[in-house]
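Q: Before the details, may we look at the structure together and begin with its surface?

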Amino acid sequence: MIYISEKFLSDRSATSTFNPFADTMCGNFTTPETLLQCSRPVEKKDLMSEMLEQDDEEVANNARHFMSHMNAQSYCCAEALSGVLGLDILTEEKTLLDVGGGSAIYIISAVKSNPNNVKGLVYELPAIKPITEEYIDEAGLSDKISVVPGNFFTDEPFPTGVDYVLFSNVLHDWKVRVCIVLL
């Protein structure tokens, strides 16, 4: 039990830490309703883009906190993905696309599992792109993972020439008819 608590709770800077998730859900950052509004289509710009386009350091920090929350929430699934899909044993080069991939945690984990044969693209809102690139740079994988700016509701087509497409932390937010359009 000590190892698990150390891995998920002790080091606040570790990718695996649970703290940003707990901070977001228990703190004053935002409400669950506001978290969902960050990615739902609306007639005006989405909440996250509006926040990042403001020249306000506090707002940018809130956006980074949200990304950290999503990263922490996704850690275990991202770590398991490569083994489940067999990416860790590929013998030829393949490219993954994560639509709305946020912190790129799924792509980063996949590339780390097989850096000679797995490359990645993250399709993310233009305002989120610099934050996504920070995560990729921190992982030392900017030569293997690129971020393509776009909005999956308004910009077409998605990047092409990929072998796998992920919608990590996206489809569960939408009604079936919206998911069908995205897919």
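A: The protein exposes about 10,300 Å², of which carbon and sulfur atoms supply 53%; accessible areas come from the Shrake-Rupley method with a 1.4 Å probe, and for residues only the protein chains shown count as cover. This is a predicted model, in which local features need pLDDT of at least 70 and side-chain atom pairs count only at pLDDT 80 or more, while totals for chains, interfaces and linings use all residues. Residues are numbered from 1 along each chain as its sequence is written, and side-chain values use heavy atoms, with hydrogens and water left out.

Q: What share of the 183 residues is buried?

A: Buried means under 20% relative accessible area, exposed over 50%, and partly exposed in between (1.4 Å probe, protein chains only). Buried residues make up 42% of the 183 residues here.

Q: How many helices and strands does the protein have?

A: Helices (H or I, at least four residues) and strands (E, at least two) are DSSP runs, numbered from the N terminus. The protein has eight helices and four strands.

Q: In which order do the strands form the sheet?

A: Two strands pair if DSSP finds at least two bridges between them. The open sheet has the order S3-S2-S1-S4, with parallel pairing. Its edge strands, S3 (145-149) and S4 (164-166), each pair on one side only.

Q: Where does H6 lie?

A: Contact means heavy atoms within 4.5 Å. Axes are lines fitted to C-alpha atoms, for helices over the stretch in contact, and angles run from 0 to 180 degrees between N-to-C directions. H6 lies across S1, S2, S3 and S4, at about 175 degrees to S2. Seven of the nine residues of H6 (105-113) are buried, including Tyr106 and Ser109.
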